[in-house]
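Trainee: Please take one part of this model and look at it closely. Then follow the contacts that tie the rest of the chain together.

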Amino acid sequence: MSVSVLASPSKSQERPNPVQVEAQQPQPALAPAAPTAAASGTETKTGAASAVRSNDPQKQCVKTGEFAVELKSGRNPVGGTIVFATNFLPTNQRVDVGVRAPFVDGVRYFAGIDYGDETYLFKRQDVVTRRAVDSDPLVKKHFLEPDQAIVTLNMGDDFASMWNRVDLYLYTCNSAVGESPGRVSLTTVRLSPYWLSIGITVAEVFLLYVWIAFALRTRDHTLASFVRTLDPARLTAGPDGKGSLSTFQTLSFSLVVVGLISLLLLQTGMLTDISGTILTLLGISGIGATVAKGADAQRNTLSADNRAWLLRRGWIPMAKTPVDPSNASWRDFFSTDGVFDVYRYQSFIFALVVIGALIAAGVTQLSTFVIPDTILGIVGLSQVVYIGGKLVTPTNMSDLNAAIAGLRTEEAKFKDAATAAKQGPVASLADAINSAGPGAYAAYREKAKDVAAIFTAETGIVVGDASLDPALA
């Protein structure tokens with residue numbers, strides 16, 4: 001069933017086809033009648049010209065106002081079956097439509113659309129006929145055989161509204177009798193709007209991005225804090241609260257690929273394969289993000305023994321403090337410990353180049369998108385150098401781990417000295433000081449103060465004076 005389109009003015013008024021234009025041109029005045037003999041000769045020439053025109057397959061044979069009679073009536077012979085490689089026909093681009101009929105040199109197809117309440121005849125230049133070859137998608141998917149006909153249609157975005165269903169007619173004008181179509185093929189199809197599909201896709205990607213920020217919001221969030229969370233640096237912050245380049249790359253690649261797949265689904269009604277290059281990119285960024293996260297955890301996390309000692313001493317709370325990404329910034333993508341990192345910058349700019357190339361390729365090349373091996377190698381090498389730099393660069397957390405381990409050793413020495421001097425367990429801190437000596441206690445306190453200063457500088461947690469004393473248990 002045909003679905004009418006709410007449009008004003010009508011399609012025929014917006015885009016007059018060549019037939020309509022010619023029909024509107026004034027006809028020249030008839031010449032005076034010639035003598036009988038001349039008139040007879042003129043009639044012979046005119047008759048020959050008429051016969052050529054009626055048999056010329058390159059000229060339009062459906063005039064303005066003849067759509068219902070010549071195409072919809074079904075009075076003309078039925079042509080080959082029309083086939084598509086998609087469920088919808090996308091507009092604002094060229095689309096190949098197959099006809100299961102042999103391609104004949106010199107015979108072209110014309111096209112028309114019936115919207116139900118109005119009709120439209122395609123302009124001659126918007127319909128191109130060619131021979132199907134083995135490399136055509138319609139042949140590869142076994143919709144057509146080689147040497148059958150393919151008709152390429154060029155439809156503007158105003159052909160479609162909301163995926164409306166229309167009747168599509170393809171016909172030839174090689175009839176041997178009169179100026180009527182030689183063969184007429186009919187099918188029903190939905191037309192997908194181009195700009196509306198892009199708008200929906202952009203909105204979808206934006207909502208997916210906002211949903212991530214919404215899911216990661218804190219309980220005491222405000223509208224202003226939520227808006228600040230939309231900053232990509234904050235949204236992709238790592239365990240250290242700084243912007244993570246590898247996480248940003250993975251998120252960017254994922255959103256772009258999801259957006260292109262969604263756009264293809266809206267335009268064609270079908271999903272598509274993803275090329276090996278895109279899978280490789282997603283793999284490189286995903287593996288890079290995972291390894292980088294592990295490297296950050298190794299470099300920026302207290303060792304288990306030190307963490308347990310700090311918990312017993314009350315230096316850190318029992319409950320794990322959530323990561324605060326409020327200080328994350330774009331600077332973190334290009335720097336290491338506040339210093340510009342050329343390898344991070346290299347990885348970032350090549351990721352932007354690849355994302356730009358992927359968007360430029362569009363939905364039609366998702367299954368065939370290829371990046372030159374050299375560029376792909378540079379992207380992979382950038383990830384390797386970026387992660388390698390994380391592993392070999394010393395951090396303040398490494399120094400803190402070493403300092404806490406040294407303090408634990410000093411504490412053990414103090415307790416051993418007190419126990420040896422008393423020749424038995426000590427009952428209190430005062431008893432331990434008397435046994436080991438005030439000098440040993442003072443040396444331990446000085447060491448504890450130094451470690452506490454490093455701890456506070458790294459974590460922001462202030463250590464109380466009472467927590468600096470050695471534990472005897």
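Mentor: Start with Val127: its bridge partner in strand S7 is Leu153. Strands count as paired when DSSP finds at least two bridges between them. Strands are DSSP runs of E with at least two residues; helices are runs of H or I with at least four; both are numbered from the N terminus.

Before going on, note that this is a predicted model: local features need pLDDT of at least 70, side-chain atom pairs count only at pLDDT 80 or more, and totals for chains, interfaces and linings use all residues. Residues are numbered from 1 along each chain as its sequence is written, and side-chain values use heavy atoms, with hydrogens and water left out.

S7 has another partner. Strand S3 (residues 93-102) is joined to S7 by eight bridges, again antiparallel. One of the contacts pairs Pro102 with Gln148 of S7. Buried means under 20% relative accessible area, exposed over 50%, and partly exposed in between (1.4 Å probe, protein chains only). As background, side chains in a regular strand alternate between the two faces of the sheet.

Now the charged contacts. A salt bridge is a side-chain nitrogen of Lys or Arg within 4 Å of a carboxyl oxygen of Asp or Glu. The count is 10. Asp96, Arg130 and Asp136 are linked in a network of them. Glu70 pairs with Arg75, with the closest N and O atoms 2.9 Å apart. Glu70 is buried, at 6% relative accessible area.

Lys72 meets Asp114 at 3.2 Å, N to O. That pair links distant parts of the chain: Lys72 is in helix H4 (residues 67-72) and Asp114 in strand S4 (residues 109-114), 42 residues apart.

Arg445 lies in helix H17 (residues 438-459), and Asp465 in the segment after H17, 20 residues apart. Arg445 is buried, with 13% relative accessibility.

Next, the covalent link. A disulfide is a pair of cysteine sulfur atoms within 2.5 Å. The whole structure holds one. Cys61 and Cys173 form it, their sulfur atoms 2.1 Å apart. The link is left-handed, with -75° about the S-S bond. Cys61 sits in the loop between helix H3 (36-55) and H4, and Cys173 in the loop between strands S8 (165-172) and S9 (184-192), so the pair ties together parts 112 residues apart in sequence. Cys61 is buried at 5%. Cys173 is buried too, at 2%.

Last, the surface. Phe340, Val342, Tyr343, Tyr345 and Ile349 form a nonpolar patch there, with about 490 Å² of accessible area together. Patch residues have over 30% relative accessible area and no salt bridge; like charges are joined within 9 Å, nonpolar side chains (Val, Leu, Ile, Met, Phe, Trp, Tyr) within 5 Å. Accessible areas come from the Shrake-Rupley method with a 1.4 Å probe; for residues, only the protein chains shown count as cover. Helix H13 (residues 342-361) gives the most to the patch, with four residues. Phe340 lies in strand S11 (residues 339-340). Phe340 is exposed, at 55%.
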